[in-house]
Amino acid sequence: MENMLFTELQDKHVAAWNEKNVARRNELLKDIYANDIKMYDRELTLNGLQAVSDFIGKLIAEDPVYKFSVVKSIDPLQNSARLYGQIETSGGVLNSMDFFVIENGKVAHLYAFLEPAPKAS
């Protein structure tokens, strides 16, 4: 995957994770994720595009404050990349690091690391 494609991955990933319209979100996801994507975080494993889209929809529907944004541009390495972001929620801000494993030009595995952002003093 070339650097330009990694930039597209970043842009579409962020757009998809903020997209309220299900049809638009599904189109964005199809462009960058494999149909059988596996997404992992500490509490769950999601299997397939529909499960990921449903999960995003649930996050957006349950928290009117929810917003995902990039903190540091995507950092590619061979067939993988990491992306540092922040997630605004009603319960506070979370720092995130998404780690992508790319197979056949699409994200096959997505590891989402989340932690509460340090409180400003």
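Accessibility terms go down before anything else: buried is under 20% relative accessible area, exposed is over 50%, and partly exposed is in between (1.4 Å probe, protein chains only). I'm working on a predicted model, where local features need pLDDT of at least 70, side-chain atom pairs count only at pLDDT 80 or more, and totals for chains, interfaces and linings use all residues. Residues are numbered from 1 along each chain as its sequence is written, and side-chain values use heavy atoms, with hydrogens and water left out.

Ring pairs: I looked for Phe, Tyr and Trp rings (the six-membered one for Trp) with centres within 6.5 Å; planes under 30 degrees apart are stacked, over 60 edge-to-face, the rest tilted. I found three aromatic pairs.

One of them is tryptophan 17 with phenylalanine 55, edge-to-face at 6.2 Å centre to centre and 75° between the planes. I placed tryptophan 17 in helix H1 (residues 3–18) and phenylalanine 55 in helix H3 (residues 49–62), 38 residues apart. Helices here are DSSP runs of H or I, at least four residues, and strands are E runs of at least two, numbered from the N terminus. Tryptophan 17 is buried at 8%, and phenylalanine 55 is buried at 18%.

Next I checked phenylalanine 99 and tyrosine 111, a tilted pair at 6.4 Å and 50°. Phenylalanine 99 sits in strand S5 (residues 92–103) and tyrosine 111 in strand S6 (residues 106–116), twelve residues apart. Phenylalanine 99 comes out partly exposed at 28%, tyrosine 111 partly exposed at 30%.

Last entry: I noted that ring pairs link Tyr40, Phe99 and Tyr111 into a cluster.
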